[in-house]
Amino acid sequence: MLGEFALIKEFFSGHDKGRGITLGIGDDCALLAPDKNSELAITTDTLNEGIHFFKGEDPFYLGYKSLLVNISDLASMGARPAFFTLSLTLPDADEHFLREFARGLFALADKERMALIGGNTSKGPLSVTISAYGYVAKGCAMRRDLAKPGDIIYVSGNLGTGGLFVKAGYHELELSPELFSIVHEKAQLIPSRTGFARALRRVCRCALDVSDGTVGDLRHILERSDVGAILNLDKLPLDNIFDKVNLTSLEKAELAAFGGCDYELLFTVSTKNISLLEKIALRRQVKITPVGVITDDKKLTLLFENKPYVKENKPFEHF
């Protein structure tokens, strides 16, 4: 069985070269030299087995998703991904698991030109912590506190697949093995929105990523910007896989609204910028959908088929 340092050398070394890195893996610290014209965006996420992913998860999917959830945060600010650190707690040094985990991790890291600059390994229950760093031009970051009344609320891509996978994974919904496999893959290999997000900065100053559910995450924008919103649940875009799922229209909309784990962008745009936004989305080949509007009454009104939605649903929280 590989020891700690042999494990790092075998599976994770050699990916520490990139813009702004003076010294990568091999010393007590990495050394970074941020661009003087940029701000450094920093985010950290931990994924624990049994809480954030099911026991026995495909290690390729886990490697990819562990980095994706951090890249999604960078995208929400309009930052260009640059480098990351990895802390990996393992019950044992299973070489097949490590090889597949690393393959998934670097499939995304290499695509985003991200360098792994350090981290830690230890023995214990399976857990993955990544801190990701990116650059955004000074004063140009998209933020949660910059929504304005009259802005149109948009989401990128499709929603609900993450919630559908979790629901099926807990056997609250029965899917055929073939359909479950498709949902599983779609819920894990989520596309990165970093390129679109950097272009989006031209027309948008307020965005976040949908991680804990569209409604719950929208509330963060409303609280930080001191505004309200009308959100149309029946307008939330769904993957066509939902056509094969035995759920009502309302139940599908609820998964998109409250399910979480979508890692798409939720953002607001002034009406005067909609034409340019549509051109950006077309050029980047990213689906965008208007789902509501920002208001000045500091209330969140949920509608389904033009009627008030009043059921009590809560976004995911750890405590």
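This is a predicted model: local features need pLDDT of at least 70, side-chain atom pairs count only at pLDDT 80 or more; totals for chains, interfaces and linings use all residues.
Helices, in turn, are DSSP runs of H or I with at least four residues, strands are DSSP runs of E with at least two, and both are numbered from the N terminus.

Residues are numbered from 1 along each chain as its sequence is written, and side-chain values use heavy atoms, with hydrogens and water left out.

The protein chain has 9 helices and 13 strands. Of its 319 residues, 52% are buried, where buried means under 20% relative accessible area, exposed means over 50%, and partly exposed lies in between, using a 1.4 Å probe and protein chains only. Among contacts between residues at least 6 apart in sequence, 86% join residues at least 24 apart.

Now the pair of helices. Tyr 61, Tyr 64 and Lys 65 of helix 2 meet His 184, Glu 185, Ala 187 and Gln 188 of helix 5. By class, the residues of this contact are 3 nonpolar, 2 polar and 2 charged; here Ala, Val, Leu, Ile, Met, Phe, Trp, Tyr, Cys and Pro count as nonpolar, Asp, Glu, Lys and Arg as charged, and the others, Gly among them, as polar. The axes of helix 2 and helix 5 (residues 177-188) come within 9 Å and cross at roughly 30 degrees. Axes are lines fitted to C-alpha atoms, for helices over the stretch in contact, and angles run from 0 to 180 degrees between N-to-C directions.

An open sheet of 7 strands has the order 8-10-7-11-9-12-13, with mixed pairing; two strands pair if DSSP finds at least two bridges between them. Its edges are strand 8 (206-209) and strand 13 (307-308), each pairing on one side only. Helix 2 (residues 59-77) packs on this sheet, where it touches strand 8 and strand 10 (265-269), and its direction makes about 175 degrees with that of strand 8.

Why is strand 10 described as largely enclosed by the rest of the structure? Because 5 of its 5 residues are buried. Leu 265, Phe 267 and Val 269 point one way from strand 10, Leu 266 and Thr 268 point the other way, and all are buried. Strand 10 pairs with strand 8 in the antiparallel sense over 4 bridges, and Asp 209 stands opposite Leu 265. Another 4 bridges join strand 10 to strand 7 (residues 152-156), also antiparallel, with Phe 267 as the bridge partner of Tyr 154.

On to the cores. A nonpolar core is a set of buried Ala, Val, Leu, Ile, Met, Phe, Trp, Tyr and Cys residues joined through side-chain atoms within 4.5 Å. The largest has 37 residues, and those touching the most other members include Phe 12, Leu 67 and Leu 105. Helix 3 (95-111) is one of the elements giving two or more residues to this core, and with 8 residues helix 3 gives the most. Leaving out residues up to four places away in sequence, Leu 105 touches Phe 12, Gly 63, Tyr 64, Leu 67, Phe 84, Leu 86 and Ile 130. Apart from this core lies another, of 27 residues, among them Leu 159, Leu 208, Val 210 and Ala 253.

Notes. Contact means heavy atoms within 4.5 Å.
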